[in-house]
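Please walk through this structure with me, one region at a time. Keep the sequence and the 3D view open side by side.

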Amino acid sequence: MRFLLWSAISAATLSLPLLAVLSRPVTAKSDEKAGAAFPFPVHEKTLANGLRVFVVGYDSPGLVAYYSIVRTGSRNEVEPGKSGFAHFFEHMMFHGTETYPQDKYNAEIKTMGADSNAFTSDDLTVYHILAGKAALPKIVEIEADRFQHLTYKEPEFQKEARAVLGEYNKNASNPVEKMTEVLYDNAYTTHTYKHTTMGFVKDIENMPSEMAYSRTFFDRYYRPENVVLLVVGDADAEATFALVEKAYGAWKPGAARPAVPAEPPQTKEKRVELKWPGPTLPMLLAGYHVPAFSTTNVDLPALDVLAELLFAERAPLYKRLVIKEQKVETMSGSADPHVDPNLFAVLARIKKPQDLGAVEKAIDDEIARLAKEGVDGKTLAEVLSHVKYGFAAQLSTADKAATTAAMFVALTGDLASINAYFALYDKVTPADVKRVAQKYFTAANRTTVTLKAAK
């Protein structure tokens with residue numbers, strides 16, 4: 001689900017100037033401290049064409065995760081009528097090149113016993129391979145080839161475009177997916193977060209006729225200065241850099257990319273009621289505008305704390321609505337980091353239609369209580385410890401560490417942002433929690449979508 005994933009990470013960066021090849025270790029002293037959020041040794045190299053490469057040492061003998069991070073997602077779909085192309089290329093990138101057609105590429109992946117896949121979100125597109133370290137030279141070769149020499153013809157393009165429409169229709173059969181689509185469409189008036197990663201359905205339906213634009217999109221965003229390579233596991237940094245330099249060094253930078261329009265502040269509450277054609281439990285989805293990702297603003301970490309205080313299983317509201325009164329089947333809330341301001345989203349699946357209003361009021365009342373009373377220091381310390389432990393659990397394998405790191409790389413282009421962001425948690429005070437509850441959780445800043453089965 002859009003707001004329950006550490007996703008949304010990317011910036012429409014301008015073309016970087018040609019730089020002298022730079023190779024340097026970026027493991028800062030803070031990274032070496034016990035308890036650092038991302039405690040692994042990191043080396044970085046930037047090629048003359050702007051391609052950045054991170055090699056992360058991870059105790060996974062004989063195993064490497066190879067991630068190609070395109071700092072482009074649905075956020076960057078700025079032209080009217082052209083939404084959905086970031087996700088489209090997640091599909092299209094597996095269609096092969098002249099050197100490695102689709103069948104040959106798949107055969108190489110199978111031969112090396114690798115796991116290869118991709119995903120797209122608001123701010124990023126990621127292509128990832130997990131394989132034995134002996135396969136790293138071949139991985140670099142085939143990935144460099146498809147990023148620089150992707151080929152496809154009209155029949156292939158149209159077939160994949162129709163497949164994307166099929167995926168949209170499948171997703172639209174899920175009430176939560178539809179509610180999320182409606183939430184963002186109403187919460188945003190100007191910014192491209194208005195459409196989901198899938199895109200507007202009218203644009204997806206028209207996609208088969210946009211072959212020419214697809215090449216424009218690929219040429220614009222699949223450029224070295226907009227891509228970051230992340231290699232995590234049992235890999236030698238200098239040997240990896242040499243492989244990358246040989247395979248990607250001739251890749252040419254692109255031109256400047258269009259700016260993403262800023263969203264004006266929301267000044268009044270918005271509400272939408274949906275009727276679902278089939279059987280479903282009633283649901284409530286509310287979104288509050290919150291700030292963009294930052295390594296200096298303490299508001300997002302404070303909102304993470306607020307999410308735990310409101311919606312964790314040990315939270316009073318959860319115990320009341322889910323366990324004691326049994327009015328709610330599931331309930332959650334979070335504000336995932338994004339390049340630009342996004343939403344803190346609250347979702348509740350309610351057992352009886354007549355309880356929808358009471359559940360919404362109970363959530364509002366609990367938010368108002370925290371905004372008035374705040375949280376004591378002891379509880380805050382416990383929540384912060386839980387949040388940090390949860391992040392550490394996301395680093396339990398080389399592949400998981402790479403996935404998590406990719407999110408931060410897409411946000412900022414720099415792995416150092418992980419430790420910089422988590423250092424903010426130590427600065428969160430009870431007053432901060434109280435302040436963000438008052439600042440962001442207002443009716444005028446809220447968009448609410450409710451869903452019930454049609455009678």
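The model is predicted, so local features need pLDDT of at least 70 and side-chain atom pairs count only at pLDDT 80 or more, while totals for chains, interfaces and linings use all residues. Residues are numbered from 1 along each chain as its sequence is written, and side-chain values use heavy atoms, with hydrogens and water left out.

Now the charged pairs. A salt bridge here is a side-chain nitrogen of Lys or Arg within 4 Å of a carboxyl oxygen of Asp or Glu. The structure holds 28 of them. One joins Asp185 to Lys194, with the closest N and O atoms 2.8 Å apart. Asp185 is partly exposed, at a relative accessible area of 31%. Lys194 is partly exposed too, at 24%. Some charged residues form a network: salt bridges link Glu269, Arg271, Glu360, Asp364 and Arg446.

Move on to Glu325 and Lys327. Their side chains meet in a salt bridge, at 3.6 Å from N to O. Glu325 has a relative accessible area of 31%, which is partly exposed. Lys327 is partly exposed as well, at 24%.

Next, find Arg349 and Glu329. Their side chains form a salt bridge at 4.0 Å, N to O. What does this pair tie together? Arg349 lies in strand E11 (residues 342-350) and Glu329 in strand E10 (residues 328-334), so the bridge ties together parts that are 20 residues apart in sequence. Strands (E, at least two residues) and helices (H or I, at least four) are DSSP runs, numbered from the N terminus. Arg349 is partly exposed, at 24% relative accessible area. Glu329 is partly exposed, at 39%.

Strands count as paired if DSSP finds at least two bridges between them. Inside the sheet, E9 (residues 283-290) and E11 pair in the antiparallel sense over eight bridges. Look again at Arg349 in E11: Met283 stands opposite this residue.

Follow the chain out of E9. Ser294 lies in the loop between E9 and helix H10 (299-311). Is Ser294 buried or exposed? Ser294 counts as buried, because its relative accessibility is 16%. A polar atom of the Ser294 side chain lies 2.9 Å from the backbone nitrogen of Thr296. Ser294 also touches Tyr421 and Leu424, leaving aside residues up to four places away in sequence. Contact means heavy atoms within 4.5 Å.

The last stop is a helix pair. Two packed helices are described by the angle between their axes and the distance between the axes. Axes are lines fitted to C-alpha atoms, for helices over the stretch in contact, and angles run from 0 to 180 degrees between N-to-C directions. H10 and helix H11 (residues 316-324) pack at about 35°, with their axes 5 Å apart. Leu309, Leu310 and Phe311 in H10 meet Pro316, Leu317 and Tyr318 in H11. The residues of this contact divide into six nonpolar, no polar and no charged.

Terms used: Buried < 20%, exposed > 50% of the residue type's maximum accessible area, 1.4 Å probe, protein only. Polar contact = N/O pair within 3.5 Å; in protein donor to acceptor, adjacent residues only side chain to side chain. Nonpolar A, V, L, I, M, F, W, Y, C, P; charged D, E, K, R; others polar.
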